[in-house]
Amino acid sequence: MNQGANNWPLRGTKATEFEGGIRNVAIVHGNMLPESGIERDNFMHISDWYPTLINLAGGNSQSSDAYDMWPSIT
């Protein structure tokens, strides 16, 4: 039995790179942002949050699987 769901207006499923498989919403708020009200459509994996936040706090993340995405966010 094949079961599924409707994620209209997005296309794709969890096994694809379309919006229905990977797109999600994130909100970044604070005084460290140079501008407000900016929307980005960059790709970012959940594992990228760790090195991004560590580096913002002044630490040094040596992860080889994830990236500091702060330049992309700002």
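Student: Which backbone atom lies 2.7 Å from a polar atom of the side chain of Thr 52?

Tutor: That atom is the backbone oxygen of Asp 48. A polar contact is a pair of N or O atoms within 3.5 Å; within protein, one must be able to donate a hydrogen and the other to accept it, and residues adjacent in sequence count only if both atoms are side-chain atoms. The model is predicted: local features need pLDDT of at least 70, side-chain atom pairs count only at pLDDT 80 or more, and totals for chains, interfaces and linings use all residues. Residues are numbered from 1 along each chain as its sequence is written, and side-chain values use heavy atoms, with hydrogens and water left out.

Student: Where does Thr 52 lie, and is Thr 52 buried or exposed?

Tutor: Thr 52 belongs to helix 2, residues 49-56; helices are DSSP runs of H or I with at least four residues, strands are runs of E with at least two, and both are numbered from the N terminus. Thr 52 has a relative accessible area of 1%, so it is buried (under 20% is buried, over 50% exposed, partly exposed in between, with a 1.4 Å probe and protein chains only).

Student: What does Thr 52 touch?

Tutor: Not counting residues up to four places away in sequence, Thr 52 touches Met 44, Tyr 67, Asp 68, Met 69, Trp 70 and Ile 73. Contact means heavy atoms within 4.5 Å.

Student: And Asn 55, which residues does that one touch?

Tutor: Asn 55, also placed in helix 2, touches Asn 60, Ser 61 and Asp 68, with residues up to four places away in sequence not counted. The C-alpha atoms of Asn 55 and Asp 68 are separated by 7.1 Å, although the two residues are 13 apart along the chain. Asn 55 is partly exposed because its relative accessible area is 27%.

Student: Where is Ser 61?

Tutor: Ser 61 sits in the loop between helix 2 and helix 3 (70-73). Ser 61 counts as buried because its relative accessibility is 15%. Leaving aside neighbours within four places in sequence, its contacts are Tyr 50, Pro 51, Ile 54 and Asn 55.

Student: Changing topic, where in the chain is confidence lowest and where is it highest?

Tutor: Confidence is lowest in helix 1 (residues 19-22), at a mean of 62, and highest in helix 2, at 90. The mean pLDDT of the chain is 78, where pLDDT is the predictor's confidence in each residue, from 0 to 100. Where pLDDT is low, the predicted coordinates should not be read in detail.

Student: How many helices and strands does the chain have?

Tutor: The chain has 3 helices and 0 strands. Of its 74 residues, 14% count as buried.
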